[in-house]
Amino acid sequence: MGRPRALVAAVAACLLLAGCGSGPSQVGAAFLMGDREVTQDQVQELIDKAVREQPAAQQLAQQHKLDQLGRAIVSQLVVHELVTRAAQREGLAADEQLVNQALAQDPLATPVPTTGVDPSQLPGQIAYRTRDHREAITDQVLMRALAQKYFEKLSVTFDYTSVVSDDGGAQPASMREKAFAKADEMAASPAAAAQVIQADTAAGQQTSIGERVPAVQAPDLAATVVFGALPGTVVAFQPSAQQAAWIVAVIRQRDLSTPQSVDQATEPTASQLVAIGQRLLQPYVDESGLRLNPRYGVWDPVAMDVAASAAETTGAVVSVKGPAQP
């Protein structure tokens, strides 16, 4: 018996949801979205296919890390359902010429390298190449088209404060806890955010009121949770993993209909457009009633993917409590 086949047999014996010891096998949903169901069996078939075809997936199996691959597959299938819904509503169709060009140029048919790939990106790359190639690329083309439809008209207005490392050098986990606590505090009532920001301003923190940012001025920021969250929500996120700072913002306005006139516009790259398009799917998550099997983890609205647990999400989105202020 060849090594990949032996690995598949071991995986099948050990896994329910890409993780040993997760309980007896049973047919059920990986996630539900409205009347659409993606089953655990569908996800498991892709995991098994990856282990058969991808040496990098075989390495994950040996390291008992196939749970990461399971989450990456579920993340991409959720996004697929979201972009399909958005395309139907927006009247968008994938440009078949772009899809065919991407199929010809993209090395989907080749295995993911087993070395030289960021470990955090590896499960996603394996999942992407394991899925139906045309479907995976069509999703990318549709997200790019969605971004192109709104990019020049998209802007957000928000108030924000910051959580930065003190002189003692707070640990990342402590920074995250402080940012989440501040988000909850700012969302406690319609007036709470202004009170928190006023106090932080007096304390010398970096803050701003009425910050209005058009997407055309900041394509990178347009791909973040600030542009995906609806007015009346508070978001906490870390703009850069390389910097020990968190932003906690209350979204005041989100405009997708007014062409933006700015002094300096930045032309987005193709990859930025795909990321912005994915961010524009964020409101569809709650609207669709996404219900994720907790065995895979929880939905992370800041990263727009599945996190292993609520303690491992990359940020928070909290609805402001109480009636809106007049």
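Which residue in S10 does Ala-236 stand opposite? In this predicted model, the residue facing Ala-236 is Ala-316 in S10.

**The sheet around S5**

Let's start with the sheet. Five strands, ordered S4-S3-S6-S5-S10, make up an open sheet with antiparallel pairing. Strands S4 (208–214) and S10 (315–319) sit at the edges, each pairing on one side only.

Now zoom in on S5 (residues 233–237). S5 pairs with S6 (residues 245–255) in the antiparallel sense over 4 bridges, and with S10, again antiparallel, over 5 bridges. On the S6 side, Val-234 stands opposite Val-250 and Ala-236 stands opposite Val-248.

How many of the residues of S5 are buried? The count is 5 of 5, so the strand is largely enclosed by the rest of the structure. Side chains in a regular strand alternate between the two faces of the sheet. In S5, one face carries Thr-233, Val-235 and Phe-237, the other carries Val-234 and Ala-236, and all of these are buried.

**A mostly covered helix**

Helix H6 (residues 122–130) is another well-covered piece, with 7 of its 9 residues buried. Among them are Leu-122, Ile-126 and Tyr-128, and Arg-129 is on the list too. The cover over the buried residues of H6 includes helices H2 (40–53), H3 (55–62), H4 (66–90) and H7 (133–150).

**Salt bridges**

Side chains of opposite charge can pair when their charged atoms come close. The structure has 9 salt bridges, and here are some of them:

| Pair | N to O distance |
|---|---|
| Arg-36 and Glu-81 | 3.0 Å |
| Asp-139 and Arg-131 | 2.8 Å |
| Asp-200 and Lys-182 | 2.7 Å |

Take the salt bridge between Arg-36 and Glu-81. The pair links distant parts of the chain, with Arg-36 in strand S2 (residues 36–39) and Glu-81 in helix H4, 45 residues apart. Arg-36 counts as partly exposed because its relative accessibility is 33%, whereas Glu-81, at 9%, counts as buried.

Technical notes
Residues numbered from 1 in each chain as written. Predicted model: local features only at pLDDT ≥ 70, side-chain atom pairs only at ≥ 80, totals over all residues. Heavy atoms only, no water. Pairing = 2+ DSSP bridges. Helix = DSSP H or I, 4+ residues; strand = E, 2+ residues; numbered from the N terminus. Buried < 20%, exposed > 50% of the residue type's maximum accessible area, 1.4 Å probe, protein only. Contact = heavy atoms within 4.5 Å. Salt bridge = Lys/Arg side-chain N within 4 Å of Asp/Glu carboxyl O.
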